[in-house]
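User: I would like to go through this structure with you and ask what stands behind each label. Could you set the values against the definitions as we go?

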Amino acid sequence: MELRHQVIVIGGGPAGLNAAKYAANAGCNVALLDSAPRLGGQYWRHTGIESDDQSRHHNFDQGSLLMDAIIANPRITIYPNTTIWSASVINGEVVLRYKDGAFITSRLILATGAYDRSLPFPGWDIPGVMTAGAAQSLLKGSGVIAGKRIVVAGSGPFLLPVAAGLSSHGGKVVGLIEAAGKFAWLPEILSLLQNPAKISEGLGYLLTLRKAKVEMRFKQAVISAHADSDGLLESITVANIDAEFHITSTYSINCDVAAIGWGFTPDTSMAGALGLKEEVAADGSVVVAVDENQRASSAHSELHIFAAGEITGIGGSALSLAEGAIAGLAAADSRTNLRDLKKIRRKARRFALTLQRVYPIALGWKSWLTPETIICRCEEVTHAAIQSAFTELDADDARSAKLMTRCGMGMCQGRICSRNVADLLDSPDADRIKGVYRPIISPITLGELAQDGLL
Amino acid sequence: MNSNPDAIIIGAGIVGATTALSLTNAGMKVLVIDRGNVATGTTSAGEGNILVSDKAPGPELDLALRSRDAWFEIQEDIGGGFELEAKGGLVVARSEDGLRSLRTLTAAQRIAGIDAQDISITELRALEPHLSHSITDGAFYPQDAQCQPMLAAAHILRATKARGGKFVSGANVTAITTNDGAVTGVVTSQGTFNAPVIVNATGTWAGQIAQLAGSALPIAPRRGFILVSAPTRKIIFHKVYDAEYVANVSSGDADLQSSAVVEGTQSGTILIGASRERVGFQDGIDFEILRILARQAIALFPILADIQLLRAYRGFRPYAPDHLPVIGEDPIFKGFWHNAGHEGAGIGLAPASAQLICDGIFDRPSFMNPTPFAPARFAKAAAS
Ligand SMILES: Cc1cc2nc3c(=O)[nH]c(=O)nc-3n(C[C@H](O)[C@H](O)[C@H](O)COP(=O)(O)OP(=O)(O)OC[C@H]3O[C@@H](n4cnc5c(N)ncnc54)[C@H](O)[C@@H]3O)c2cc1C
Ligand SMILES: Cc1cc2nc3c(=O)[nH]c(=O)nc-3n(C[C@H](O)[C@H](O)[C@H](O)COP(=O)(O)OP(=O)(O)OC[C@H]3O[C@@H](n4cnc5c(N)ncnc54)[C@H](O)[C@@H]3O)c2cc1C
């Protein structure tokens, strides 16, 4: 089946939702695609239980309003459960393949979001160690509390809602371990105060945590995890760390879940398949490069491809909403409210940069590794294997390391490990954005590929 | 003081690496130069098949037979590390015609010294339980082997360095200097290097390097796609392909040829290759080709329909008009040796090709007559 739309938006998170809304309100016929069964993205993740939604998320009202408006909008066609497995340019149009056919457009808005960033450490592959996002998704998505004694750790403001969410739903959070200092925000106080809404959101979480008597520890990090005789998480080693993330002393905590989040990594796989220009952002993540109007840069100048939300830089939902709106307007060639939106975006961006300065992730994590530490979990490639490929086989760039050790070749295709490998190899920026051309964005079966009717 | 190497090898793919090792083992001081890193050219796209099964009797088969054994000698010599495995190849016939030509081929191959076994349906099933029930005939080639080509090139280069060889990566060769009909050195983005012997092992780009010296080689790219599955339990045990593949390999047609070659690897993924078409260095991906490969693979192994495809990638095989590699001294410049154009068999043929080059440079008899591979053959063809 071939489906043509004036504007196609991929991703139903805050950025994609707003992009669809603004493009449709400006008169375009819009398709909104998401691989999930329901709209909302990471931020407005649904539970299976309708009435439960609001109780798990403070901002769900805003999301519900937006999603209701989109569902009611006759110019927007929603395609849930629709995973795009490949994207390419054919005859001056973007062709997006899903399992039953293809979408075709010349105006595309990418809003594919981000996934959790993990840092490797000895034992991070023990069941019970998970990302903070995964613990939150279990709660938001299925109403499940991940464990009986939970440690939330890592760095960044996102740890607060995770710990607060878990404890306010009856989970026992035995510690919130933050790598940044207790007063790391102080130098940025003026900039932070410009966003009173975010500050009060944060204070709300802190209040919840205090009520639940969750102990917060600063300048500390989980540096190893230990399994019991059944192979499940039993305890973690926590270190006091300096500003470079080097270990100064250690102690241990018993827990059955360690929910660890080191911020987010943009999911630029579709942008990469389309050959869009990428760059390395201030926080070191690889993002899609965009202009003032969120337009991405493509070798096919006749195409209008935009990117919005976390794929252009990690910045939270408010920034994603603003970028989505601007991308939607720009895709529709409209300028209504554009200046105001750009003002909002500028402010949100500044706030995002401030947070990145408050919660930097220093490269000292590399000193937590042992030779046996797994770096690529899909292919079980150890730190020692990467080191020896580096010293013996000249694998001093990420691509060579991959070819020689198979790191990044497995099921996740390097989504989890590629940034860490680049850090281990001290790769220059040029190496990090040297997108390896990957035509398959998400796995499909050979049987699906073999069908007729695909372009 | 003379710190110049005895020989410079341009290209750190499998052909350059094996050449460097051969020359080093023969006592030369070598310098390997590549504009990228080790195995960043076509070698990184190769499936690593070391085949005798897909060749009809002739000089290439002689080269392949020697090379197959030379692979195991290299493993002995440098200690392995590149997943070399004599897994065996299975060629199946899917039509009466296909079967007739397969039987003719195996008969001729046996005379040429290949262990080519015509096998019964029971043996076929025992070798590959998941093979389609519509397939009833085939031939088994126990000599067919496989390696991981990137690791092979890297380990061979590592051993070469341990024995005194040097490797400079990231050095693009931009000129070749000559004096009085002989090469004297190369100019690169990282400086000039001099040596009385220069080996052009730049695969698909060998024509450009020949041109830098003022010579010529008619080597062009032949594109190929490969599908890679998600890791699965072991369901495919050998390298399995359709008898039609042999015809495709030697086809002179520019259009797309494809017949799936299916194999399981040590890492649990299944590789499905490989299409062949001459479209220049065309980028991007042609989904029709991916679909054809998927269909052909499923026709061999219906069980593959439910296996997930994880990646697809392409490479450009270096091919010469007569589909034979180019191995030997340049007809114009002394000391300028070509070892390139191995098309879809460069991994398999590399060690023996390196040996031919080495014996040529030392001007001594080799295991076979190298004339069919001589670069001079093109000059003659052009003249006549
Ligand atoms: C687990 C998690 C929890 C978070 N919790 C909070 C929080 O509590 N507070 C806060 O301020 N911020 C939170 N954030 C950050 C916030 O979610 C993001 O800022 C925001 O969701 C980004 O919006 P987005 O539209 O860019 O991407 P997303 O919301 O991530 O949406 C991207 C969408 O694209 C879809 N998609 C991706 N690839 C494809 C494809 N190939 N085919 C089809 N669809 C595709 C995905 O299914 C997804 O729905 C969280 C982030 C994560 C990852
Ligand atoms: C899809 C596919 C599947 C294949 N499967 C198999 C298989 O199963 N078995 C098999 O035997 N063969 C296979 N092949 C063929 C095999 O990969 C090639 O024949 C072989 O890799 C060629 O090796 P090479 O060393 O000559 O070339 P390359 O590996 O390309 O090396 C040439 C090197 O020269 C360097 N170079 C080029 N120009 C310059 C310059 N100006 N300055 C410096 N350096 C330069 C390049 O950077 C490159 O590293 C396959 C090929 C493809 C495309």
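Analyst: Happy to; what follows takes the contact between the chains, then the domains, then some strand pairs and a salt bridge. This is a predicted model, in which local features need pLDDT of at least 70 and side-chain atom pairs count only at pLDDT 80 or more, while totals for chains, interfaces and linings use all residues. Residues are numbered from 1 along each chain as its sequence is written, chains are lettered from A and ligands numbered from 1 in the order in which they are written, and side-chain values use heavy atoms, with hydrogens and water left out.

User: How do you know that chain B and chain A are in contact, and how many residues take part?

Analyst: Contact means heavy atoms within 4.5 Å. By that rule, 36 residues from chain B and 35 residues from chain A take part.

User: What makes up the area buried between chain B and chain A?

Analyst: Buried area is the accessible area (1.4 Å probe) that two parts lose on being put together, summed over both. For chain B and chain A that comes to about 3100 Å², and carbon and sulfur atoms give 61% of it. On the chain B side, Phe287(B), Leu309(B) and Leu310(B) lose the most area to chain A, together 22% of what that side buries.

User: Why is the pair Asp394(A) and Lys161(B) called a salt bridge?

Analyst: The term asks for a side-chain nitrogen of Lys or Arg within 4 Å of a carboxyl oxygen of Asp or Glu.
The elements of chain B that give two or more residues to the side touching chain A are helix H5 (149-162), helix H8 (287-300) and strand E17 (308-319); helices (H or I, at least four residues) and strands (E, at least two) are DSSP runs, numbered from the N terminus.

User: Where do the domains of chain B lie?

Analyst: Domain bounds come from an automatic or database domain assignment. For chain B it gives domain 1 (7-66 + 149-219 + 322-383) and domain 2 (89-142 + 220-319). Their C-alpha centres lie 28 Å apart.

User: What do these two domains of chain B share, in residues and in area?

Analyst: 25 residues of domain 1 of chain B are in contact with 34 residues of domain 2 of chain B. Together the two domains bury about 2200 Å², 62% of it on carbon and sulfur atoms. In domain 1 of chain B, Glu47(B), Ser53(B) and Glu343(B) lose the most area to domain 2 of chain B, together 28% of what that side buries.

User: Which side chains form the salt bridge between those domains?

Analyst: Arg222(B) and Glu343(B) do, at 2.4 Å, N to O. The count between the two domains is one salt bridge.

User: How do you know that E10 and E11 of chain B pair?

Analyst: Strand E10 (residues 182-188) and strand E11 (residues 191-194) of chain B share four bridges in the antiparallel sense, so they meet the rule for a pair. Val187(B) has Thr192(B) in E11(B) as its bridge partner, and a hairpin joins E10(B) to E11(B) through two residues.
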